[in-house]
Amino acid sequence: MPELPDVLAYLTALERGVRGRVIEGIQLRSPFLVRSVDPRLDAAEGLRVAAFRRIGKRIVWELEDDLFLVFHLMIAGRFHWKKAGTRPTRRVDLAAFHFDAGTLMLTEAGSRKRASLHVIRGAGGLADHDPGGLEVLEANLDEFARVLRSRNHTLKRALTDPRLFSGIGNAYSDEILHAAGLSPVKWTSRLGDDEVERLYEAARSTLEDWCARLRAEAEQAFPEKVTAFRPEMAVHGRYGKPCPVCGTAVQEIAYASKETNYCPRCQTGGRVLADRQLSRMLKDDWPKTIEELEARLGTAGAG
């Protein structure tokens, strides 16, 4: 799912290429995309795009006539900039927004169509789409600590809860926790003040770095390959690869369609966290420490 740095990259590209232009036409290929009834989507045709804004992970187009388009890309929704007149013909194409300079295509890979578009009349209606999470880059330490401790969750769950923190998802929560040197399964109620401050600083530095990096790229070209897995990341999506800090193999906790990546030496004091599926299957054979894990891998390699 596009998170804060990715959403800001899209906004940068949209500001550069679409702001001030008139929507000359809209072709809707998937009727399931639009989740509102009134106003109709075709009410946006002929209107100029005045501005863009962000609500959490949602991208909002502000049009003339007090009309707003609210896009939630979910996991697999993406924007692509195409040559003018490109029609939505592929299975992944959900809708095409035509401008004089080109066509903005909204796509979604996979069979489960979760991306959504709401058409709203009046800015007051935008509040219904705001989960209310804290904007970390706009918050001070006290505000961050108050929100973090408002519910007793694991750190992974707390950071990715849009009602607590805005714009942070599966990928950047992994990166933040690695930068802070904290376990993803540690409970918020058990954090000391120094750990809260460390997490706050890691969240700000990680998000600031990636936001600046991706926005700079979007200034040069439309972000066509928005992904949660980037080679420059420290742990997310790097299962089995060496931690850039200590060289220990990055580990993974898999649950449903999500995964959590972490370094057992930097974040969990040398403890290998139990993966629900694998640890249930292996039972007593599940390695509990880095040493056991490395010995197991060494034995496997020797055989």
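This is a predicted model: local features need pLDDT of at least 70, side-chain atom pairs count only at pLDDT 80 or more; totals for chains, interfaces and linings use all residues.
At 43% relative accessibility, D66 counts as partly exposed.

**Backbone exceptions**

D66 sits in the loop between β3 and β4. Its phi is positive, about 60 degrees, although D66 is not a glycine. D65 also belongs to the loop between β3 (58-63) and β4 (67-72). There too phi is positive, near 65 degrees, in a residue other than glycine. Is D65 buried or exposed? D65 has a relative accessible area of 53%, and exposed means over 50%, so D65 counts as exposed. Why mention these angles? Because most residues other than glycine have a negative phi.

The peptide bonds hold another exception. Most peptide bonds are trans. The bond that joins D38 and P39 is cis, with omega about 5 degrees. P39 lies in the loop between β1 (25-28) and β2 (49-55).

**The sheet**

In what order do the strands of the open sheet run? The order is β1-β6-β7-β5, four strands with antiparallel pairing. β1 and β5 (77-82) are the edge strands, and each of them pairs on one side only. From one strand to the next, the twist averages 15 degrees.

Inside this order, β6 (residues 93-98) and β7 (residues 103-108) run antiparallel and are joined by five bridges. F97 stands opposite L104 in β7.

Setting aside neighbours within four places in sequence, L199 is in contact with F144, L148, L155, L159, I176, L177, A180 and L182.

**Aromatic pairs**

How many aromatic pairs are there? The count comes to 13. A pair of aromatic rings is described by the distance of the centres and the angle of the planes. The table gives two pairs that share F79.

| Pair | Centre to centre | Angle between planes | Arrangement |
|---|---|---|---|
| W61 and F79 | 6.4 Å | 35 degrees | tilted |
| F71 and F79 | 5.3 Å | 75 degrees | edge-to-face |

W61 and F79 are both buried. F71 is buried as well. W61 lies in strand β3 and F79 in strand β5, so their pair ties together parts that are 18 residues apart in sequence.

Ring pairs link Y10, F52, W61, F71, F79, W81, F97, F99 and F222 into a cluster.

The charged end of R213 sits over the ring of W210, 4.2 Å from the ring centre.

**What to look for**

Start at the loop between β3 and β4, where D65 and D66 lie. Then find the cis bond between D38 and P39. Follow the sheet from β1 through β6 and β7 to β5. Finish with F79, which pairs with W61 and with F71.

How values were computed
Residues are numbered from 1 along each chain as its sequence is written. Side-chain values use heavy atoms; hydrogens and water are left out. Contact means heavy atoms within 4.5 Å. Helices (H or I, at least four residues) and strands (E, at least two) are DSSP runs, numbered from the N terminus. Buried means under 20% relative accessible area, exposed over 50%, partly exposed in between (1.4 Å probe, protein chains only). Two strands pair if DSSP finds at least two bridges between them. Axes are lines fitted to C-alpha atoms, for helices over the stretch in contact, and angles run from 0 to 180 degrees between N-to-C directions. Rings of Phe, Tyr and Trp (its six-membered ring) pair if their centres lie within 6.5 Å; planes under 30 degrees apart count as stacked, over 60 as edge-to-face and the rest as tilted. A charge sits over a ring if NZ of Lys or CZ of Arg is within 6 Å of the ring centre and within 35 degrees of the ring normal.
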